[in-house]
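Student: I would like to go through this model by its packing and its open space. Where should we begin?

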Amino acid sequence: MSRVMLVTGASRGIGAATARLAAARGYALCINYHQRRDAAEQLVEAIRKAGGEATAVAADVAREDEVARLFEACDRAFGRLDVLVNNAGMLERQMRLDEMDAARLARVFATNVTGSFLCAREAVRRMSTRHGGSGGSIVNVSSVAAKLGAPNEYIDYAAAKGAIDSMTLGLAKEVAAEGIRVNAVRPGVIDTEIHASGGEPDRIQRVSKSVPMGRGGQAEEVARAILWLASDEASYTSGALLDVAGAR
Ligand code: NAP
């Protein structure tokens, strides 16, 4: 029986690359998306054409009722869960902290923090031996912004990713004896559409100069790190924050 992976925010970018690679490695995929249904369904179609198993499920991870429905849909489709990749994330237009309002902060923390917590909760309820599960792995997608702080761009987003790092450390310890490993990747500047939502589609060109490797990364390079952390190859690795950032 295939191992089952649920990837949040898998319609594009790092999530889609992770789902594609996981399918090629034999996982059955539950592909969550928020608004880009066409992209998610095209990905499902491509995975099925290649002989893999996948299903797409719409859900806003910031909403508790929708997260519950997402995991129930995954249960119905595959009957088990082995890996959660907490990838869904967003940022808003670049600005200084002294311009930010509470509504923006609420949106940024709801998707990036609450969404990851709610999905982790549902995964633990299914995977933990304490709840009758047979173990599993959670990979959170944080960011090097958590350590760099993202000044003049989005300190709110950086702080949200800092919360994800703390959650990774705490949850890893909380469920270590229950068969679940919890780790995070911290990507650097990766070539996806997220920079356009910050108002700077070409951000990668500007920021690449400050990356010791001299370039931005590709979504597939992050996906490979996620797949390693998810796999039994990383059987003694938990509570790790793995930078995938060109030495930044
Ligand atoms: P992206 O290309 O903008 O894709 C974002 C994905 O998240 C989309 O699939 C989107 O779904 C989904 N999403 C957004 N809000 C959601 C919500 N409320 N509920 C469910 N899904 C939601 O972003 P990316 O660059 O691949 O980023 C993926 C993760 O990597 C994020 O956590 C991001 O913070 C992190 N990261 C990215 C970089 C980078 O440089 N790209 C660096 C560090 C960390 P729809 O398209 O269906 O709306």
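**Pocket and cores**

Tutor: The model is a predicted one. The lining of the largest pocket holds 21 nonpolar, 17 polar and nine charged residues.

Student: Which residues lie nearest the centre of the largest pocket?

Tutor: The lining of this pocket is made up of 47 residues. Elements that give two or more residues to the lining are H1, E2, helix H4 (102-127), helix H5 (145-148), helix H6 (155-174) and helix H7 (194-197). Nearest the centre are Ala-88, Gly-89, Met-90, Leu-91 and Ile-194.

Student: How much space lies in the largest pocket?

Tutor: Rolling a probe the size of a water molecule over the atoms shows where empty space is left. For the largest pocket, the space comes to about 1100 Å³.

Student: Which element supplies the largest share of the largest nonpolar core?

Tutor: This core has 33 residues, and Met-5, Tyr-27, Leu-29, Ile-31, Val-185 and Ile-226 have the most contacts inside it. At least two core residues each come from strand E1 (4-7), helix H1 (13-24), strand E2 (28-33), helix H2 (37-49), strand E4 (83-86), strand E5 (136-141) and helix H9 (219-230). The largest share is eight residues, and the element that supplies it is H9.

Student: Which residues does Ile-226 touch, leaving out those up to four places away in sequence?

Tutor: Ile-226 is among the residues with the most contacts inside the largest nonpolar core. Its partners beyond four places in sequence are Ile-14, Thr-18, Val-85, Val-139, Val-141 and Val-185.

Student: How many residues are in the second, separate core?

Tutor: Val-57, Val-124, Met-167 and Ala-172 are included in this second core. Its residue count is 29.

Student: How far apart are the end C-alpha atoms of H1, and what span should its 12 residues have?

Tutor: At 1.5 Å a residue, H1 should span 16 Å. That agrees with the distance in the model between its end C-alpha atoms, 17 Å.

Student: What covers the buried residues of H1?

Tutor: The buried residues of H1 are Ile-14, Gly-15, Ala-16, Ala-17, Thr-18, Ala-19, Ala-22 and Ala-23. The cover over these residues includes E1, E2, H2, E4, strand E6 (180-187) and H9.

Student: Is Gly-162 buried or partly exposed?

Tutor: Gly-162 lies in helix H6. Buried requires under 20% relative accessible area. Gly-162 has 23%, so this residue is partly exposed.

Key:
Residues are numbered from 1 along each chain as its sequence is written. This is a predicted model: local features need pLDDT of at least 70, side-chain atom pairs count only at pLDDT 80 or more; totals for chains, interfaces and linings use all residues. Side-chain values use heavy atoms; hydrogens and water are left out. A nonpolar core is a set of buried Ala, Val, Leu, Ile, Met, Phe, Trp, Tyr and Cys residues joined through side-chain atoms within 4.5 Å. Buried means under 20% relative accessible area, exposed over 50%, partly exposed in between (1.4 Å probe, protein chains only). Helices (H or I, at least four residues) and strands (E, at least two) are DSSP runs, numbered from the N terminus. Contact means heavy atoms within 4.5 Å. The expected span of a helix is 1.5 Å times one less than its number of residues. On a 1 Å grid over the protein atoms alone, a cavity is a set of points where a 1.4 Å probe fits but cannot get out, and a pocket is an open set with protein on both sides within 12 Å along at least five of seven lines; lining residues have an atom within 4 Å of a point. Grid points are joined across faces, edges and corners, and a volume is the space filled by probe spheres set on the points. Ala, Val, Leu, Ile, Met, Phe, Trp, Tyr, Cys and Pro count as nonpolar, Asp, Glu, Lys and Arg as charged, and the others, Gly among them, as polar.
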